[in-house]
Amino acid sequence: MSPSFSGRATSALLYIDGVSKTFDGFRAINSLSFIVDPGELHAVIGPNGAGKTTMMDIITGKTRPDAGTVLWDGRVDLTHVDEAGSARLGIGRKFQKPTVFETHTVEDNLLLALNADRGVFATLMARLTSAQATRIDELLALVRLEDRRHDLAGGLSHGQKQWLEIGMLLAQDPKLLLVDEPAAGMTDEETMRTAQLLRAIAGDHAVVVVEHDMEFVKALDCRVTVLHQGTVLADGSLAHVSAVPEVIDVYLGR
Ligand SMILES: Nc1ncnc2c1ncn2[C@@H]1O[C@H](COP(=O)(O)OP(=O)(O)OP(=O)(O)O)[C@@H](O)[C@H]1O
């Protein structure tokens, strides 16, 4: 690894270097190096089986790598942290399928997320503090669900559920938000709104988005890392990586 890369270990929010993971003799991640800066919006693309999910699993402590460095905030070795621990450190993860409390209102979903360390009953029975009310107003505005505030989450569209869940993750104020294929199953309009939302969130939070929809990645207008066979094939703007012949061969040209 170049000295300029290793020199980033302490300044980066997330620093991954030389990471490998083998499953039953199959190398899913192979000498992977990847950096996320504080507040950065960063897209990860690549063909099926490229190792995108495994990389997310390693970051969140779901999977332990066989080798390499995974450093959080310049000081915490994430290879020894489990999923609950990574969440406590400020790593939020949004899986592809929306998971909201369908039988509760939009507002109560956000309230439950704000009070994730308290029980459901205690949270919903307690009076809303003014700080909570303000934060819920901010989150509802950000995810554009103000007019659905008192509706049951189960009645939202697929896209709105995804936005609500993003709002719920933000309620816990993560330093890094990992988002897996948010645009899957969305209408074109919802897809563009989601890109706007993630762009609005970045800055205050670092956001890493795994995605296959190139129109969506274009709308994110951010740095793109292309993974292939568990390692980085190209990295830079979408225009840059789209012109790399190997990227066209293994992914974009298909
Ligand atoms: N627990 C596991 N046991 C065995 N093989 C695994 C395991 N997890 C992942 N793999 C393999 O590792 C490779 C990388 O998988 P991964 O899911 O990380 O790719 P991906 O880039 O997320 O793909 P997709 O775009 O299809 O979601 C695949 O070949 C997969 O079959």
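A residue is called buried if 20 or more other C-beta atoms lie within 10 Å of its own, exposed if 12 or fewer do, and partly exposed in between, the C-beta atoms being placed from the backbone. The structure is a predicted model, in which local features need pLDDT of at least 70 and side-chain atom pairs count only at pLDDT 80 or more, while totals for chains, interfaces and linings use all residues. Residues are numbered from 1 along each chain as its sequence is written. Helices (H or I, at least four residues) and strands (E, at least two) are DSSP runs, numbered from the N terminus.

Helix α8 may be considered to begin with. Spanning residues 188-201, α8 has 14 residues and reaches 20 Å from its first C-alpha to its last, close to the 20 Å expected at 1.5 Å a residue; the expected span is 1.5 Å times one less than the number of residues. T194, A195, L197, L198 and I201 are the buried residues of α8. Because these buried residues fall within an arc of 160° when seen down the axis of α8, they line one face of the helix; the arc is that of the directions from the helix axis to the C-beta atoms. On the other side of α8, D188, E189, Q196 and A200 are exposed. The buried residues of α8 pack against β3 (41-45), α7, β7 (176-180), β8 (206-210) and α9 (214-220), two residues being in contact if their C-beta atoms, placed from the backbone, lie within 7 Å. After α8 comes G203, with a positive phi near 105°.

Helix α7 (residues 158-171) also packs with helix α6 (residues 130-142), at an angle of about 145° and with the axes 9 Å apart. Axes are lines fitted to C-alpha atoms, for helices over the stretch in contact, and angles run from 0 to 180 degrees between N-to-C directions. In this contact, R135, L139 and L142 of α6 meet G167, L170 and A171 of α7. By class, the contact has four nonpolar, one polar and one charged residues; Ala, Val, Leu, Ile, Met, Phe, Trp, Tyr, Cys and Pro count as nonpolar, Asp, Glu, Lys and Arg as charged, and the others, Gly among them, as polar.

Two further residues concern the backbone. D24, although not a glycine, has a positive phi of about 45°. D24 is placed in the loop between β1 (14-23) and β2 (26-36), and is exposed, with 5 other C-beta atoms within 10 Å. S31 lies in strand β2 and has a positive phi near 50°, again in a residue other than glycine. S31 is partly exposed, with 15 other C-beta atoms within 10 Å.
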